[in-house]
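Hi everyone, thanks for coming.

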Amino acid sequence: MRLLVFDPFHGAAGDMICGALLGLGADKEQVIRVMGSVVHKPGIETVNRCGIAAIKVHTHASSAHRTLGEVLAIVHKADAPPAVIAQAERIFNRIAKAEEVVHGTHHIHFHEVGADDAIADVIGSCMAVHLLSPGRIFSLPIALGTGMMTCAHGTFPVPAPATAELLLSGRLLAMSGEHAGEQLTPTGAAILSEISEGIPSLPAGYIQKTGYGAGSRDDPKSPNVLRAFLMECSGMSEDIVDILETNVDDVTGECIGTTLGRMMEEGARDACAVPILMKKGRPGHLIRVISPPDRSETLAEILTLELGTLGVRVTPAVHRLIAERKIQSIPVQVNGDEIPFPVKLGFIGDTCYLVKPEYAFAEEYARSNNIPVREVLHMITEAGMRFIRSGGKN
């Protein structure tokens, strides 16, 4: 799997993210064309930051105070693929929600993040990610800076209020860093919280390329750059999940079954109930849910409401090794007819070790045709194995 990993050891801003992605090989002409559709004559150059060659993105744009609607109207006019525009829209919606929380009002005017250069940095970064097309995107802990900073609303401690709210919503890992002043901007926080998952350390894999994006400040003691890696992870890939657990002894099996079903519907990776013996010899169940980090709070709330429990234990940022997998439609001969069935294939490296029919489709076909489902599953598995042995040819 191809991974994109940001290393914000000196913080991050929109221009630094865009520059780092260009340094990784995102097509410069296409990125500049997209940025040029929202600002006048953007440019890039290679600069030196403490001996490190890094790409600096320039946008010759004036500042402006805009509403969310005005910003999105500019984003929608960008000469970019629909997926890029949709991602940029989600980033600005994140910023708007953070500002609403901070100011306690829905009538938000963007200041720095509503300026032309911020819009160009966001749309350029989204286009660069689109061109690189990584399988997963991670971010190492982000340096925030220390001390006080001055923004449109006054003087505040680092990080800025909106930046702190964006870190909360994105579940990114943060560290103070050693630089006095702001190192992570709201635009940088919004982009990284939308496109990446926070991880505490570099995942295992082969580094294929590095890229450096330069910030505006030229710090003589520390390189004001954002580093990024393109990596290749062979075999088992790395995933980050939260584990939610709670013990119950006064809930019926039907309620537990309903709750486990809701967990999966609401985005859990897996959910199970394990019989346990609780205090005073009471039989009970351990409810365990594997959750994406950004769904943990919602899933914990559902557990509390459905099971009536008073607490849910959360083990955050657990590393999980997972096999590469894909769903392949495979034609199967059933009673003289060729029927396409979805089959899950699992890989370690280039070796397929798992051929598993998608049960719901097999069950539906078996019921519709009055065939035992075990026979349908057997036929699909055999067809899947022949598909793999033939090198993916029917």
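First, a word on terms: I call a residue exposed when its relative accessible area is over 50%, and buried when that area is under 20%. Please keep in mind that this is a predicted model.

Our helix is α11, residues 373-389. Its 17 residues reach 24 Å from the first C-alpha to the last, close to the 24 Å expected at 1.5 Å a residue.

Now, which residues of α11 are buried? They are Val376, Ile380, Ala383, Gly384 and Phe387. Looking down the axis of α11, you'll find these buried residues within an arc of 100°, so they line one face of the helix.

What covers the buried residues of α11? The cover includes strands β20 (324-334), β21 (337-348) and β22 (351-357), along with helix α10 (359-369).

Two of those covering elements bring us to the aromatic rings. The count comes to one aromatic pair. The rings of Phe341 and Tyr365 have centres 5.4 Å apart and planes at 85°, so this pair is edge-to-face. Since Phe341 lies in strand β21 and Tyr365 in helix α10, the pair ties together parts that are 24 residues apart in sequence. Both Phe341 and Tyr365 are buried.

One last stop, just after α11: Gly391 takes a positive phi of about 75°. Thanks, and I'm happy to discuss!

Key. Residues numbered from 1 in each chain as written. Predicted model: local features only at pLDDT ≥ 70, side-chain atom pairs only at ≥ 80, totals over all residues. Heavy atoms only, no water. Helix = DSSP H or I, 4+ residues; strand = E, 2+ residues; numbered from the N terminus. Expected span 1.5 Å × (residues − 1). Buried < 20%, exposed > 50% of the residue type's maximum accessible area, 1.4 Å probe, protein only. Arc of directions from axis to C-beta. Contact = heavy atoms within 4.5 Å. Phe/Tyr/Trp six-rings, centres within 6.5 Å; stacked < 30°, edge-to-face > 60°.
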